[in-house]
Amino acid sequence: MRWGKLAFVGAALAASGLTFAGPASAQNEQFIPGLVYRTGAYAPNGIPWANGVADYYNLINERDGGINGVKILYEECETAYATDRGVECYERLKGKGSGAPFVNPLSTGITFALIEKAPVDKIPVISMGYGRSESRDGSVFPWVFPLLGTYWSAADIIVQHIAKKEGGLDKLKGKKIVLVYHDSPYGKEPIALLTERAKMHGFEFTPLPVTHPGVEQKATWLQIRQSRPDYVLLWGWGVMNSTAIKEAAAVGFPREKMYGVWWSGAEPDVRPAEDGAKGYNAAMLQHGAGKFAIHDDIKKFVYDKGKGATKWDEVGEVLYNRGMINAMLNIEALRIAQKKFGNKPMTGEQARWGLENLTLTAEDVKRLGFEGLIRPIKVSCADHEGTRAGRIQQWDGKEWKVVSDWYESDDKVLKPMVEAAAKKYAEEKKITPRDCSKEN
Amino acid sequence: MLYREAGQFKTSYSADQAIFPILQDRLFVIALIVLAFLAPVALAAAAPGLAQYLFTEILIPFLVFSLAAVGLNILVGYCGQVSLGTGGFMAVGAYAAYNLWLRVPLVNDLIIVFLFGGLMAAAVGILFGLPSLRIKGFYLAVATLAAQFFLDWIVARVKWLTNYSSSGSVAVGNLTVLGIPIDTPMARYLVILAVVVVLTLVAKNLVRGHIGRSWMAIRDMDIAAEIIGFRPLRTKLLAFAVSSFYVGVAGAMYGFLRLGAWEPLAFDINRSFAILFMVIIGGLGSILGSFLGAAFIVLTPIMLNQLPGWLGLHMSTALISHLEFMIFGVMIVFFLIVEPHGLARLWAIAKEKLRLWPFPH
Amino acid sequence: MTVAQASPAADAATPILAVSNVEVIYNHVILVLKGVSLQVPDGGIVALLGANGAGKSTTLKTISCLLRAERGDVTKGTVTYRGERVDQLTPNELVRRGVIQVMEGRHCFGHLTVEENLLTGAFIHGNNRRQTAEDLEKVYHYFPRLRQRRASQAGYTSGGEQQMTAIGRALMSRPRTILLDEPSMGLAPQLVEEIFEIVQRLNTEQGVSILLAEQNTNVALKFAHYGYILENGRVVLDGDAAALRENEDVKEFYLGMAGEGRRSFKDVKHYRRRKRWL
Amino acid sequence: MARAAHATGEVLLSLENISLRFGGVKALTDISFDIRKGEIRAIIGPNGAGKSSMLNCINGFYHPQEGRITYKGVTRRQMRPHQAAEQGIARTFQNIALFKGMSTLDNIMTGRNLRMKTGLLAQALHWGPAQREENEHRAFVERIIDFLEIQHIRKVPVGRLPYGLQKRVELGRALAAEPELLLLDEPMAGMNLEEKQDMCRFVLDVNDQFGTTICLIEHDMGVVMDISDRVVVLDYGKKIGDGTPDEVKASPDVIAAYLGTSH
Amino acid sequence: MRLETTAAATAETFPQILARNARQWGDLPAYREKDYGIWQTHTWRQVHDQTRAFAAGLASLGFGRGDKLIIVGDNRPRLYWAMNAAQMLGGIPVPVYQDSVAAEMAYVVEHAEARFALAEDQEQIDKLLEIRAQVSGLRTLIYEDGRGLGGYDGLLSYDQVQQNGRALMAAKPDFLDTEIAKGKGSDSSVMLYTSGTTGRPKGVVLTYDNLRRSAENAARIEGLGERDELLCYLPMAWVGDHIFSYAQGLITGLTVNCPESAATVQTDLREIGPTYYFAPPRILENIITNVMIRMEDAGALKRWMFRAFMALARRVGGDLLDGRPVGLADRLLYRLGDLLVYGPLKNTLGLSRVRIAYTAGEAVGPDIFNFYRSLGINMKQLYGQTEASVFVTIHPNRDVRLDTVGKTVPDVELRIADNGEVLFRGPGVFHEYYKNPEATAETKTADGWVHSGDAGYVDDDGHLHIIDRAKDVGRLTDGTLFAPKFIENKLKFFPHINEAVAFGDTRDFVTAFINIDLTAVGNWAERHDVAYASYQELAGKKEVYDLIADAVAQVNRDLAHDPRMEGAQVQRFLILPKLLDADDGELTRTRKVRRGFIAERYAALIAALYGGRTTVHFRTEVTFEDGRKGMVEGDVAIRDMDTARPAPARRAA
């Protein structure tokens, strides 16, 4: 009896050494790894994003027969938003099939860890709308692509919006702005910019951390009730968002004066708070919820064939759309790379070239069926962000309503910060930055 | 069965007290260590991709956590002082090492850096070990838990420690040992392996000698220990110091050689629990158990996660994850029921059976 | 060998408790009992004698099904109580059938009072308050000392009182058979006599059968009817108590008699005569 | 008897008017007696008479509220148990205070701790002095193991040993410290005759060969009367008798309180 | 180095050989003793020094040429050295069985006229003190282990004697060397008392030449050398131990290992893993019984594996050992078996490294003998006697036959007398029986032939076959040949039977007393749910009688195959309720049955066996070591057996 058990342990330990033995893949398939979290504290937000990605890849295979005939082989790996698990997923999947052309960590913590590995493995890290803000500087971070917007952009856009509501940046003087943030690199990212802006405009900035996973915020909101700030910025994720909104309602802080980052502005964030969420604002990573041209194709080629990753009702939610956009940018970068390197599975280096030359004009966006979801984007060696525009949306109790015009983060403020931070990073890591002016 | 001990007689106390008095064990361990050093090198040449995954995701975490578990085992298993502050002490090691590496470029050799990390952790360990004179058991566990939170808080709040990094995350690069650059996974693995082998030997030496006996005496019956002349505070603090040193070195290695860039979250309370589980499942008061426990806690989830893939089952990632958690949990409970003294005891029984083979008793 | 002609089996056609060929292994590898057989007649006092580690406690725990808690396994043999096999029961079920063990080292709940300790023994019969009160009265009847100390915390009572409490607690479950492990351990001579006298009264007045493991051979053979001597996990000798007292080996090795008188502890040799068990 | 020659008559330990209270409970009341160098001194009395408390006072575990303890000519008030150990007082316990998770050998080795000097670093490397020291003490401990005839359980964890052997190991640990005064708290409880005989032999041999002064608590009157030089009798925390075994045996107080009619 | 060196030729006495060894192998281990947890090792040089110190000490006590030194105790290096020390001074060591009771020992001490005695410990000292009170000659008592002797007066410790000796050597540096040089090969070396199955013990005097040449011859054919290891665990008073441990130890330089105590022999054997091994059949049987019992407790799979591989080993193991051709498949399977069964088994038994193993003393069952050989242990039979300095015949390597005791060793001649008795002559033939010229003359002819007392014959290949003790062989009233040992051995080969005594000479039919084996039968009883509490109860169980009856029936069937023995089948038997015991005089100290004594003591039982009763009351006295008496009594059942008829198709052989 005891022997059987021992044998079992032995087998278990031995087998774990065999993890690398994955199935061999077909020749002309583009392998793409997916680091997702469908379990754990952040699953409510992770799931729709992952569904959007999966559905879009599926669409490409179903509708186009792949990218220029190169079929996509997509494999998910569960990270549970944990850095070490994420890194393990990455290591496990990066060499699979044709090799990973890039990786989307979907977690700032994992992004930080993978940034260290990217130059060694020569696999680009795409952190669309998250990650390390200074990593937009392609000269120091040639392998990192925080497409569509960094947290500094997000914070800047929100500050601009508040200033506009107050009647100008100078009106911010003396105002109290509190940042309630997830106590992790993700939540800490905007602090640098907000500190900078506070210095520039003379508002009082107070960051208040919330411990992972963010269900316990009583003390934080008690403090807010006592200090009566003018605005509260929310840098939360997953259950922390809805908890914050509920707590705000509980302490009577006006939701209209709350602004969430674009990761705090999806349906799962507001629905649990029910009426309490009414009036709550959030930045948009360009897009919002809703169904657009692309969704017709998704319905026709994916859901009607019964291959959808979720229920049709949930298609078009904020995070679903974001996942879809993420997948689209991935695919388009590969498509651009294929133009240079041929219609075959791309390697990381080739994909990096594609990403660095990723340009989508308004026509391209329309052709792809993403009109109304994103605006044109142009990535370059010096600018790995591509575009830094955003709007503000507000929850009306039933759905998200766009309530502002487009803002663009102020590069006069951002750029020096990016350069300084990148320089410090380069020094710490003893990296010699490349000269972007010499790259085409 | 494999043990042929006839003719292995001891003519001196040194031979009798050897770590592996049985020739077969000695050969096995030596072979294992040699294999641990050489096989990966061969593998890295033959199958680089596979080797890299093996290094970075299997072997490095396994070794680093083994070392941390050895450290915690010294405190919990040998000296009987419960600690939930392992994550915090790892953080001390990692951040102390980081700051030395960052600020004193003259001594940025990893060995010195790790030693410094360990020593700082030991100092902090002594500090938090002070209450152990008065409080015991659960109460001490709570006190060390406070240490964990306090240390977590310090590294998250004292900006100087993270070199004013905007995200609170720090990164290291261009690492060297004795002037040799440590830039490949294999190099990192070999450095860790060497450190772990040396420190494990040291740990074994400590626990089998006079100091180890003083710890175990305190663990088993502190009153009797005092009556035969042990000084409880000194003994306990030494255990805290040595334990924290190990944990600190493990923390530094985890940061430097496993993560490369890390945030305070890497050393949170979950880390403390995970390492405590390793010690419990591996076997309290067993160096070997620390390794078995680390292997179990590090490898089993990875294995379970990939099991459906090997079996050719297509399941959703979420389902796999849920299954993984369930099975892993069941396995832990199962092992603790089958053998409350941990995997090391299972191993010992297996060994005893092999020695008695073919007889049952 | 059987010293006397009359075996216990002859006294009572069916013994209340019979252990047959029991083998016990601890931790999968350590063989502790090697085929022990013994019988307790209904209403008898049977003593198990032997050195530390001979297997007395293990035998008692085998009967009371407490072995598993200590990582012991019964690998061979059977235990029957009133003709039924009981070796696979839980200790709890066994108590319901009327067999209870009083553990070595007394095992009282130190922070409870003596009376509370006694009451913990009554759980087995549910919540019948009148019955419990009767049982309690019975215990106090046999152990008047406990009545005096009923409100004291057990942890602060003397060793003898703790032993009495432990036996009293066992009585609360209205047992038909009591397994007593080392009742005399650590007790002053006077107390040992006192406790054994009470045990004897319980036996004669209440008809409780008793199997006791005891180091104090002198006392044990004075009160028991029948005895078994265990050495190295085997029964080496059994017989009527009176006959055992006359056996040369028992006299020398268990009663300390040399020739005529008692041998002084001062004159013990560094070697011993071989035991013949004849 | 050769052993008697060791008892020099010089007082090694003297207790004067000791009183010990726990809260309101008086454990010992005004007790005085002495222990002479080289003798075997027994303390007897009913359960709960305060015998163990007496030993606890001697080795610094309890601090009596009143009275004086003079050991080797030095009168002390407060002393920690490890200080008592350093001054050459070793003891065993009624309920066995062994380190259950350690082997017999390791348990006895702990008795040598006061003589082990090598530091952390040498221990860590287990090289040179540390190993030499370890081997020297091992050799000493092996003599004790041989003396107590426990060779066969040398490497067995003591938790697995039967009671009687544990008692023997505990004695071994006390002996390893090479004490001048050895306090034995019911060393023969729970033993059968043969084991008691062995234990008596050990006690006598220790006293005889090493000249160790022994103070023991024991219930077996045969043992006490046979091997001890002088006996103190306690009852309810008071001294009711003191003298040679024969004197004590004849004392009506002692018979009434302790010995009872039989034995 | 081997024996052929010239040094060996010049060293005639053991003290001289010891000096040679100290020169030649100074730092090699000579003796080891498990003590204080490790194997304390003594090199030849150290042994030499210690021995000389003790010898000089003896001299200072007045020990001189021709003096006897009684040596009594377990196998301890210092006791072996004392033998050599006595020999240095021209004295004669007289080892005595350590388990003898005082009365037996007293006879030897008195007969040997010993004035000096060396005892191991308090137990032996107490006996000697008792003897000293009776025997006036015994003067000096020396002890090796002083534990418990603190209160004794007038004893000397081994260390003290050595101290005296060192003082003497300092005063007279040449004294010892002169004494040693006086020694010649023809001098008496040792006196060994053989208890014999009848009569008083006889002191066999052996010379240095006897022992040295016998030991050398045997060592040469087996290739023993200074790297060999031996565990000495049999009584020092027995000639086998004297020749293997002492004589061959000195001559070949092999290392003699002394176990920690009698109780730890098995463990110590396992630790040492000797290369040279001797065990009497009784021990070999016990080992197998234990192996079988322990295997019975194993899981089904292991049991199956064990049985399968043991069957294979029985089939081919012996052939492999003797170098006979074996099929490839079997060879491979045997290898596997070696990994899974034989190797571990030999290892747990401590026999992994055994190069040469002997058994002798009694007949050994073919199954038992074959068991060891099939495992790959070079187990051989040896035939010898004290009077021959052990070696008469040995199984040659690679020519081992189960039914013979081998061929003569070099320089030994063999002759079968007309009455079938085996006679031998050779270098080892004893000098005399001490103070017993009649017995000497009776046993040894003028031209050096010795009457062995055994009946046997030599076959065409030169192998000696032993049938029985010549004087035990008798006839039933119908004239059928009655060879009791032959029958007893057949019975004893069953693991459940520990000892058997057959009766039949001048009787109508054959009957037997049986002693059951407590371990084997006890285990069997557990398995078959036969409850028992003690030996006597077990021995009286009907089920046990059935079990033994099966064995007896099997023996009867075997006997029926042999036309000469057909009529000697066992018709009635009883199981003795008490083990035959040397302390009660029923066995010799080497555990041979003293049938005459038994027949006398249990006359009532024998009468019942031949008187047709089914039960008999049994009452006998037992003697304890300290002289006290105890009484055993009870009823013993007698079982009738059917006799088997001759097998219809008798095999040609």
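How many residue pairs are in polar contact between chain A and chain B? The count is eleven, with both residues at pLDDT 80 or more. A polar contact here is a pair of N or O atoms within 3.5 Å; within protein, one must be able to donate a hydrogen and the other to accept it, and residues adjacent in sequence count only if both atoms are side-chain atoms.

This is a predicted model, in which local features need pLDDT of at least 70, side-chain atom pairs count only at pLDDT 80 or more, and totals for chains, interfaces and linings use all residues. Residues are numbered from 1 along each chain as its sequence is written, chains are lettered from A and ligands numbered from 1 in the order in which they are written, and side-chain values use heavy atoms, without hydrogens or water.

**View 1. The interface of chain A and chain B.** Contact (heavy atoms within 4.5 Å) involves 49 residues of chain A and 56 residues of chain B. About 4,600 Å² is buried between the two chains, and carbon and sulfur atoms give 60% of that area. Buried area is the accessible area (1.4 Å probe) that two parts lose on being put together, summed over both. Three salt bridges cross this interface. A salt bridge needs a side-chain nitrogen of Lys or Arg within 4 Å of a carboxyl oxygen of Asp or Glu. One pairs A:Asp84 with B:Arg271, at 3.4 Å from N to O.

View 2. Several elements of chain A each supply at least two residues to the side that touches chain B, among them α3 (83-93), α6 (185-201) and α14 (411-429). Helices (H or I, at least four residues) and strands (E, at least two) are DSSP runs, numbered from the N terminus. The largest share, ten residues, comes from α1(A). By class, this side has 21 nonpolar, seven polar and 21 charged residues. Ala, Val, Leu, Ile, Met, Phe, Trp, Tyr, Cys and Pro count as nonpolar, Asp, Glu, Lys and Arg as charged, and the others, Gly among them, as polar.

**View 3. The two domains of chain A.** Domain 1 covers 11-149 + 288-387 + 425-438, and domain 2 covers 151-284. The bounds come from an automatic or database domain assignment. Their C-alpha centres lie 28 Å apart. The contact takes 25 residues from domain 1 and 22 residues from domain 2. About 2,000 Å² is buried between them. On the domain 1 side, A:Tyr42, A:Asn45 and A:Ser133 lose the most area, together 28% of what that side buries. The rule finds one salt bridge across this interface and twelve residue pairs in polar contact.

**View 4. A salt bridge between chains C and E.** C:Arg276 meets E:Asp581 at 3.6 Å, N to O. C:Arg276 lies in the segment after α11 (248-253) of chain C, and E:Asp581 in the loop between β26 (570-575) and α21 (595-601) of chain E. C:Arg276 is buried, at 10% relative accessible area. E:Asp581 is buried too, at 10%. Buried means under 20% relative accessible area, exposed over 50%, partly exposed in between (1.4 Å probe, protein chains only).

**View 5. A salt bridge between two strands of chain D.** The closest N and O atoms of D:Arg68 and D:Glu16 are 3.5 Å apart. D:Arg68 lies in β4 (residues 66-71) and D:Glu16 in β1 (residues 11-22), so the pair ties together parts that are 52 residues apart in sequence. D:Arg68 is partly exposed, at 46%. D:Glu16 is partly exposed, at 28%.
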